[in-house]
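Here is my notebook from a first visit to this structure.

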Amino acid sequence: MPSLRVTVWNEYLHELENETVASIYPEGIHATIAAAVAERSGASVRTATLRQDADHGLAPAVLDDTDVLVWWGHKAHGEVSDEVVTRVHQAVLGGMGLVVLHSGHNAKVFHRLMGTNCSLKWREADEKERVWNLAPGHPIMQGVPDHFELPQEEMYGERFDVPEPDELLAISWFQGGEVFRSLCVWQRGHGKVVYFRPGHETYPTYHDANVQTIIANAVTYVAPRLRRSTAGCPMTEPLESVPNWGKEHVLEQGER
Ligand code: ZN
């Protein structure tokens, strides 16, 4: 069986501008995530970034060759061209898996897929995050304990303005008292979308073993069973003889 084809996309700006972030992710957040996914899932993984590559590294040929796209963005969501957003959106509806991480809740393509503002409360105060596993039997939670802690993270609090998840797999508790639905799955068209909360750039979250396990499992879980465009509404010939159908209808109705 050919290995899963994964593209890890990162805006890759904090790492180039901030010494703390650069010291945690010297090759970029995308490189750390890509290595973890490759090692833990056996997938064939490439990376793409906002400014280093034409089309943000997401040309049509790349998406056609991608089973699952992982997305990390924060400060430059607006720089992602609407053309690329539409391309990714259509790829997901056509079956490509999408794993959106942390501040990717405000990515244009996530907003478009959810149809809501995806807003939340937040605070940067070096708080402990405790992630509670709500679905130990789910494929994404294999190898994940009953709960685990990230010693320091940014707080995200409810209400998270997203549609009711099809699957809610984890809830986070923060030292300051808030809770957050931190691991959610939605079906959109033929594609599956995962949102996973942890991953503020100034903390070593993507080096954490449980976080890596969840991302690798999520990539495997949202792998497409089918890639087929859902765009267009073709007029279709009847399978059996129907009373009022002839060649003139083909000419009249065309494609809508
Ligand atoms: Zn953050």
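Is Glu-83 buried or exposed? I looked it up: Glu-83 counts as exposed, at 56% relative accessibility. My cut-offs are under 20% relative accessible area for buried, over 50% for exposed and partly exposed in between, with a 1.4 Å probe and protein chains only.

**Ground rules.** I noted that this is a predicted model, where local features need pLDDT of at least 70 and side-chain atom pairs count only at pLDDT 80 or more, while totals for chains, interfaces and linings use all residues. Residues are numbered from 1 along each chain as its sequence is written, and side-chain values use heavy atoms, leaving out hydrogens and water.

**Helix H5.** I then looked for the partner of Glu-83 and found a salt bridge with Arg-87, the closest N and O atoms being 3.2 Å apart. By salt bridge I mean a side-chain nitrogen of Lys or Arg within 4 Å of a carboxyl oxygen of Asp or Glu. Both residues lie in helix H5 (residues 82-93), 4 residues apart, or about one turn of the helix. Arg-87 is buried, with a relative accessible area of 17%. My helices (H or I, at least four residues) and strands (E, at least two) are DSSP runs numbered from the N terminus.

**Glu-129 and Arg-197.** Here the side chains meet in a salt bridge at 2.5 Å, N to O. Glu-129 sits in strand S5 and Arg-197 in the loop between strand S9 (191-196) and helix H7 (209-221), so this pair ties together parts 68 residues apart in sequence. I found both Glu-129 and Arg-197 buried.

**Arg-5 and Asp-65.** I checked this salt bridge too, and its N to O distance is 2.9 Å. Arg-5 is in strand S1 (residues 5-10) and Asp-65 in the loop between helix H4 (60-64) and strand S3 (68-72), so the pair links parts that are 60 residues apart in sequence. Arg-5 counts as partly exposed at 30% relative accessibility, and Asp-65 is partly exposed at 33%.

**The whole chain.** I stepped back and counted 8 helices and 9 strands in the protein chain. Its radius of gyration (taken over C-alpha atoms) is 20 Å. Of the 256 residues, 51% count as buried.

Technical notes. Rg over C-alpha atoms; globule rule 2.2 N^0.38 Å.
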